[in-house]
Amino acid sequence: MLHKSDDPIVVTGLGAVSPYGLDIEQLWSSIESGANVRSLLDEELSAHVQGPVYGNKIEGWDPVPLLGKKGMQFMKPSAQYLLGSSVLALKGAGFEEELPNPDDLAVVVSTNHACTQVRIDYDYTAITDGPKSVSPMDAPNTLTNAPASYLAIRIQSRAANTTIANGQCGGLDALGYACNLLRKGRAKYVVVGGVEEINSRVLWVYDNANVLSKQSPENAGKSFDESSTGWLPSEGSGAIVLERQSDALARGAKILAEIVSWSSSFVADPSPEKRAAGLARTMNNTLRLGGLTADDVELVIAGASGVREQDAAEAIALNSVFASQPDVPVSAVKATIGECYGASGIFQTIAAIGAIQRSVIPATPGYETPQEAVPAIAGIRSSARAWNNKQDGTVLISAQDIFGASSAVVIRSAV
Amino acid sequence: MTRRIAITGLGVLSPIGSGHDVFWGNLCEGHVGTARIEAFDVSIFDTHNGGEVRDADPRSYLKQLNPAETPRTTQLAAAAARMALEDSGLNIDELGADRVGVCIGTTMGNISVVEDNNDIRVEGTGALAANLVAHMPEAYISAAVATELGAEGPCLMVPTACAAGNYAISWGSDLIRDGLVDAALVGGSDAISRACYSVFNRLGALAPEVCQPFEKNRKGTMVSEGAAVILLEDMDHAISRGATIYAELLGYGLACDAHHPTAPHPQGMGAALAINSGLADAGLTSGQVSYISAHGTGTKANDATESQAIRNIFGELADEIPVSSIKGMMGHTMGAASAIEAVACSLAIQKSMLPPTVNYEEADPECVKNIVPNKAVEHPVKIIVSNAFAFGGNISIIVLGEVNHVA
């Protein structure tokens with residue numbers, strides 16, 4: 001969808017509300033070092049899950065200092081997290097004093113479970129206490145587009161407002177979608193957000209999908225490692241401000257990175273070999289659309305989150321795509337961030353931009369032993385390294401979803 | 001050169017019938033497909049009517065998916081997609097599986113899983129199959145369509161509520177325009193939902209008997225179910241294989257009211273922005289539009305603000321261009337609505353016939369005047385603007401046109 005262009009799409013602002021706090025530098029440091037904030041989720045949260053589950057939960061969240069009081073009581077945590085990360089990203093992009101013209105500003109949000117708990121509670125209340133007992137103010141919260149809608153009202157964004165629910169690929173797909181809006185002249189600035197929350201019903205869905213640990217829950221989320229027992233659920237929101245390079249330069253904005261290309265594909269067959277072929281096709285297509293080859297890639301921010309079959313597929317795909325440079329550095333940052341599902345792609349991209357800005361290859365904590373019978377990834381390390389990015393600082397970011405989609409984005413240092 | 005987009009396959013399941021022939025026949029006759037809802041106990045609500053798909057079982061269309069592990073919204077989407085693909089005569093394997101994309105929209109997603117589980121909680125016995133719960137995420141709907149039909153191009157879910165069908169169509173058209181795929185199965189789906197009924201009931205937005213878009217005495221909308229998927233195809237490819245081309249997709253417009261979580265902007269600001277943007281994308285002016293397929297939900301607020309937006313864009317022509325909302329016949333099929341309306345628009349173009357707005361007797365001075373009342377009328381249809389609005393201020397409009405092979 002994005003081709004080499006005279007007017008590249010660039011990143012000018014980043015924001016995050018995560019278990020690692022509200023500060024991007026702090027988030028980058030945590031991702032680099034492979035910090036650990038996981039905790040055993042309490043009984044209320046794990047009420048519908050078999051056995052104990054660890055997660056990366058945001059503790060002590062108070063939206064008021066960042067967002068004020070107005071309207072907060074009507075929003076679920078997902079909407080609050082998204083508003084928080086987006087306000088921070090817009091500030092970072094230099095829109096602190098004055099927001100863009102509403103007709104120039106669009107919102108694209110990736111989320112899967114923003115409304116899951118609300119829907120369940122809404123219907124349950126209606127059938128047990130009667131339909132008059134449900135709250136009219138909660139009505140919009142039963143819809144997945146609620147966080148994006150609140151955000152549009154908050155920042156006055158009228159150019160477009162799209163919510164994407166594409167599992168673990170949604171965050172990267174939201175970036176692809178947003179770049180298309182900019183390329184087609186449908187917006188001048190886009191806030192691209194990803195958000196998920198952890199609650200008992202989200203964990204219920206994850207558990208039924210067989211992605212949470214059935215035993216040794218402490219070993220959840222060890223990307224690519226033989227001992228990993230499932231994904232480490234995470235919550236929070238990341239946001240990225242995108243615009244065309246000419247507009248960024250014209251207003252004197254600091255350019256953090258260029259989004260070079262996006263693509264996606266689908267494979268129904270769940271076998272790691274078939275999924276690997278799909279993911280490899282996606283990676284190769286994305287590079288081709290950016291006018292690049294695998295040899296141009298200097299770092300891979302992988303999507304592996306500790307689910308055995310998915311990690312195996314990605315290891316196979318990376319070995320296939322990078323056959324000509326098998327030691328390309330690889331970081332699986334979900335070992336630190338956790339699996340933030342619809343927000344993961346945004347957090348991966350924030351991590352990639354951090355690597356470019358700070359010339360550090362993030363750690364893949366917990367990585368010791370590759371899975372048996374799966375080709376090892378030569379360029380992965382359990383601790384951070386300096387990154388001597390010699391060329392353009394080209395980073396390939398990849399994701400695959402349990403239902404069969406795979407997506408990739410290529411970014412590089414600003415010219 | 002920009003590629004042009006042909007609509008070459010239509011699949012629909014609706015409260016007025018399934019399969020585009022039955023659907024179109026009942027549409028032209030002004031058949032009302034809403035009635036007392038049977039899928040769940042409506043006695044707890046103030047109103048009781050809605051629209052259900054009763055003439056077809058979506059499960060019977062599934063060849064790859066296991067119906068027992070497939071929630072109804074997904075079943076409806078996959079069935080509509082299979083109908084559209086078969087209608088188009090396109091062979092995905094010959095084209096190349098990775099050259100076919102999928103994009104589906106929804107309002108309530110796989111809500112039957114939520115409601116079935118709540119029934120189990122109340123009754124105190126039973127359990128849902130793990131794979132049914134695992135398939136609850138909305139991403140499964142589009143993934144299941146791709147799985148059912150073997151499409152391996154980009155596959156996306158856009159849960160942009162009641163405008164979702166048009167969002168999906170728009171994204172599919174850009175995938176083709178930009179050469180990422182050559183064909184795309186795009187549309188929307190929503191199963192009848194007690195939770196959705198509860199939402200509209202609590203907002204006081206439901207009509208007791210029938211849905212009466214643009215009528216002076218309209219009392220609200222009606223919660224319904226349905227699905228439609230259309231096959232978009234690169235025009236040159238469609239022509240070269242001799243496909244039936246119902247219509248051309250000429251452009252789209254997106255906007256957001258940024259006004260209120262559930263109420264439309266009082267002057268229809270976002271709607272006007274999106275219509276303007278869609279016409280510009282299609283390279284057309286408002287004077288060239290032959291027919292407006294309205295969102296027309298039958299609520300006081302929607303139909304009046306939509307009329308304001310139409311007046312704003314079309315000026316003096318606003319009361320001359322024929323306008324219909326087919327929701328009078330089938331109620332509001334939520335995320336499917338604009339996709340079903342795209343099927344109706346494609347057929348209106350092909351057959352030079354305007355679908356009616358039923359239950360229409362007295363004009364509302366606050367609304368546009370040239371409503372096509374109660375019966376279909378023959379009328380040349382060259383260009384259609386089809387509107388879709390949603391909670392959250394999400395707005396997507398598409399522009400369709402007569403096919404001109406020579407151009």
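Reader: What distance separates the centres of domain 1 and domain 2 of chain B?

Author: This is a predicted model: local features need pLDDT of at least 70, side-chain atom pairs count only at pLDDT 80 or more, and totals for chains, interfaces and linings use all residues. Residues are numbered from 1 along each chain as its sequence is written; chains are lettered from A, and ligands numbered from 1, in the order in which they are written. Chain B has domain 1 (5-240) and domain 2 (250-401), with bounds from an automatic or database domain assignment. Taken over C-alpha atoms, the separation of their centres is 20 Å.

Reader: Which element gives the most to the side of domain 1 of chain B that touches domain 2 of chain B?

Author: Contact means that two C-beta atoms, placed from the backbone, lie within 7 Å. On that basis 62 residues of domain 1 of chain B meet 59 residues of domain 2 of chain B. Among the elements of chain B that each supply at least two residues to the domain 1 side are strand E1 (5-14), helix H1 (20-28) and helix H7 (164-177); helices (H or I, at least four residues) and strands (E, at least two) are DSSP runs, numbered from the N terminus. With 8 residues, the top contributor is H7(B).

Reader: How many residues of that side of domain 1 of chain B are charged?

Author: Ala, Val, Leu, Ile, Met, Phe, Trp, Tyr, Cys and Pro count as nonpolar, Asp, Glu, Lys and Arg as charged, and the others, Gly among them, as polar. The side of domain 1 of chain B that touches domain 2 of chain B has 32 nonpolar and 25 polar residues. Its charged residues number 5.

Reader: In chain A, which element gives the most to the side of domain 1 that touches domain 2?

Author: Chain A is assigned domain 1 (9-250) and domain 2 (261-412), with C-alpha centres 22 Å apart. The contact takes 56 residues from domain 1 of chain A and 60 from domain 2 of chain A. E1, H1, H6, strand E6 (189-196) and strand E7 (236-244) of chain A give two or more residues to the domain 1 side. The most, 7 residues, comes from H6(A).

Reader: Which element gives the most to the side of chain A that touches chain B?

Author: Between the chains, 57 residues of chain A contact 57 residues of chain B. Helix H4 (116-128), strand E5 (160-164) and helix H7 (200-208) are among the chain A elements that each supply at least two residues. The leading contribution, 8 residues, is from H4(A).

Reader: Is B:Asn394 buried or exposed?

Author: B:Asn394 is found in strand E15 (residues 394-401) of chain B. Not counting residues up to four places away in sequence, B:Asn394 touches residues of both chains, including A:Asn145, A:Asn161 and B:Cys256. A residue is buried if 20 or more other C-beta atoms, placed from the backbone, lie within 10 Å of its own, exposed if 12 or fewer, and partly exposed in between. B:Asn394 has 33 such neighbours, so it counts as buried.

Reader: How are H3(A) and H5(A) oriented to each other?

Author: Helix H3 (residues 77-92) and helix H5 (residues 146-155) of chain A pack at about 40 degrees, with axes 9 Å apart. Axes are lines fitted to C-alpha atoms, for helices over the stretch in contact, and angles run from 0 to 180 degrees between N-to-C directions. Angles under 35 degrees count as roughly parallel, over 145 as roughly antiparallel, 65 to 115 as roughly perpendicular and the rest as oblique. H3(A) and H5(A) are therefore oblique.

Reader: What is the handedness of the crossing of H3(A) and H5(A)?

Author: A crossing is left-handed if the near helix is turned anticlockwise from the far one by less than a right angle, and right-handed if clockwise. The crossing of H3(A) and H5(A) is right-handed.

Reader: Which residues of H5(A) make the contact with H3(A)?

Author: By class, this contact has 9 nonpolar, 2 polar and 1 charged residues. H3(A) brings A:Ser78, A:Ala79, A:Leu82, A:Leu83, A:Ser86 and A:Leu90. H5(A) brings A:Ala146, A:Pro147, A:Tyr150, A:Leu151, A:Arg154 and A:Ile155.

Reader: What is the phi of A:Gln156 near?

Author: A:Gln156 sits in the loop between H5 and E5 of chain A. It has 15 C-beta neighbours inside 10 Å and so counts as partly exposed. Most residues other than glycine have a negative phi. A:Gln156 has a positive phi, near 55 degrees.
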